[in-house]
Amino acid sequence: MPKFEGGQYRRSFGRTLIIAAFAMMLGYYFSSAGTGWFSSGPVVRNFETMNTYGRITLPEKSGVTIDPELAAAEAEAAVARVNTLMSPFGDDSDVKRLNDAPAGTWVSVDPLTWRVVMEALRWHRLSGGAFDPTIGPVKRLFTFDGLETDAMPADDALAEARSRVGADKLRFEREGMRLSWAVDGMRLDLGAIAKGFAADLAMESLLRNGARHALVDIGGELRALGGKPGDARKPWRAGIRHPRDDDVIERFELVDGAVATSGDYERFFLHNGVRYEHIIDPRTGIPLTEGPASVTVIHPSSCLAADALATTLCVLGERDGEAFLRGQALGLFSSGVRVIMLLAEDGGVRRVEITVDGEGGVTVESAPASSN
Ligand code: AMP
Ligand code: MG
């Protein structure tokens, strides 16, 4: 885009020539772009957000009806809005205001925060408490810095923190979209669901601008629209990381839908050589030490659901996770879902794939993982 900056304006023949040349170039630009006065892409917009990276990709012929650079910028702004409202820091954060409020004080929140909190409470209820967005007080007792540590919280400190966890102690009032704590010192933590929601919100923005092909990636949580258009209408490609090295262990294609992964390699600490991951079992208050090394969820339409489910299945583990998927095959997962769990076992990796087919059917396959 040309930038017009202030400065001395000197009327001269040379200047007129430059303007004429510029007008000709602009005319060429108008006629070659086809879709208006802007280029048709591709656009890849990279940014930092929510403690991770963000990337919005609009391929050529994405379908957007405004400048694709602007469409990508608007989508980034949607992600930034989620971060501002739901990060535990910052003066404009609903989560911080709620976390600073004493028990019994009502805090009005933005409709976006309300939407995510209501979803988080629904996941809490349906997961039997495995997903708990109030895990904050317990999480604060640990430092997930990837290092070996001798120090574990004392039993009484852990018990005290646990008494301030429990999504049933978060009161809500639809009228006015207000939240309040039943107990002092509770903390909302939307870290297991907000990135997925941000990807959905970015995609909503792109859809409003006419997109038919786009990819949103918020720290590995993906929301895809259409395929990657070109001669062959290629699908988007995504990968699953080997949980114990940096290689990609598996690749798959995606046309429409969402992907989220939770893994024990993302943030953890070591104690007596045991890996404690940043997902905490609300039943014990202890960071997970066993269960799947990673869970990848492929959902047909919602990155929020994929994100919440990936975390939930880490807590539930293989057996209870399968039971949960079966139990919700006609409920939460009535539109179908695919789950790939990688379990680090006996020096190798076992791969469990569970598919809910959208008609209530569930299939499970378990086999040693082989890289492809
Ligand atoms: P994710 O990477 O999406 O699995 O989210 C993990 C993050 O969610 C953690 O860093 C915590 O902030 C938060 N969290 C930890 N344990 C739980 C849990 N059981 N339920 C909900 N959120 C959790
Ligand atoms: Mg999650």
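**Group meeting: a sheet, a helix and a magnesium site**

Let me start with one residue pair. Gly-54 has Ile-218 in S6 as its bridge partner. Keep in mind that this is a predicted model.

Strand S2, residues 52-58, and strand S6, residues 214-218, are joined by four bridges. The two run antiparallel.

Now the whole sheet. It is open and has nine strands. Read the order as S1-S2-S6-S7-S10-S15-S16-S17-S18. The pairing is antiparallel. At the edges sit strand S1 (43-49) and strand S18 (362-368), each pairing on one side only. On average, neighbouring strands are turned by 10 degrees against each other, direction ignored. As a reminder, strands of a sheet pair through backbone hydrogen bonds.

Next, helix H8. What does H8 lie across? Six names to note: S7 (221-225), S10 (257-263), S15 (294-299), S16 (337-345), S17 (348-356) and S18. Against S10, H8 runs at about 60 degrees.

On to the metal, the magnesium ion, ligand 2. Which protein donors does it have? They are Ala-192 through O, Asp-307 through O and OD, and Thr-311 through OG1. Along the chain, their spacing reads A-x114-D-x3-T. Distant parts of the chain are linked here: Ala-192 and Asp-307 are 115 residues apart. Ala-192 is in the loop between strand S5 (178-181) and helix H7 (194-208). Asp-307 is in helix H8, residues 303-327.

One last point on Asp-307. Is Asp-307 buried or exposed? Its relative accessible area is 3%, so Asp-307 counts as buried; the cut-off is under 20%.

Methods: Residues are numbered from 1 along each chain as its sequence is written. Chains are lettered from A and ligands numbered from 1 in the order in which they are written. This is a predicted model: local features need pLDDT of at least 70, side-chain atom pairs count only at pLDDT 80 or more; totals for chains, interfaces and linings use all residues. Side-chain values use heavy atoms; hydrogens and water are left out. Donors are N, O and S atoms within 2.8 Å of the metal (3.2 Å for Na, K and Ca); water is not among the atoms, so sites may look incomplete. Buried means under 20% relative accessible area, exposed over 50%, partly exposed in between (1.4 Å probe, protein chains only). Two strands pair if DSSP finds at least two bridges between them. Axes are lines fitted to C-alpha atoms, for helices over the stretch in contact, and angles run from 0 to 180 degrees between N-to-C directions. Contact means heavy atoms within 4.5 Å.
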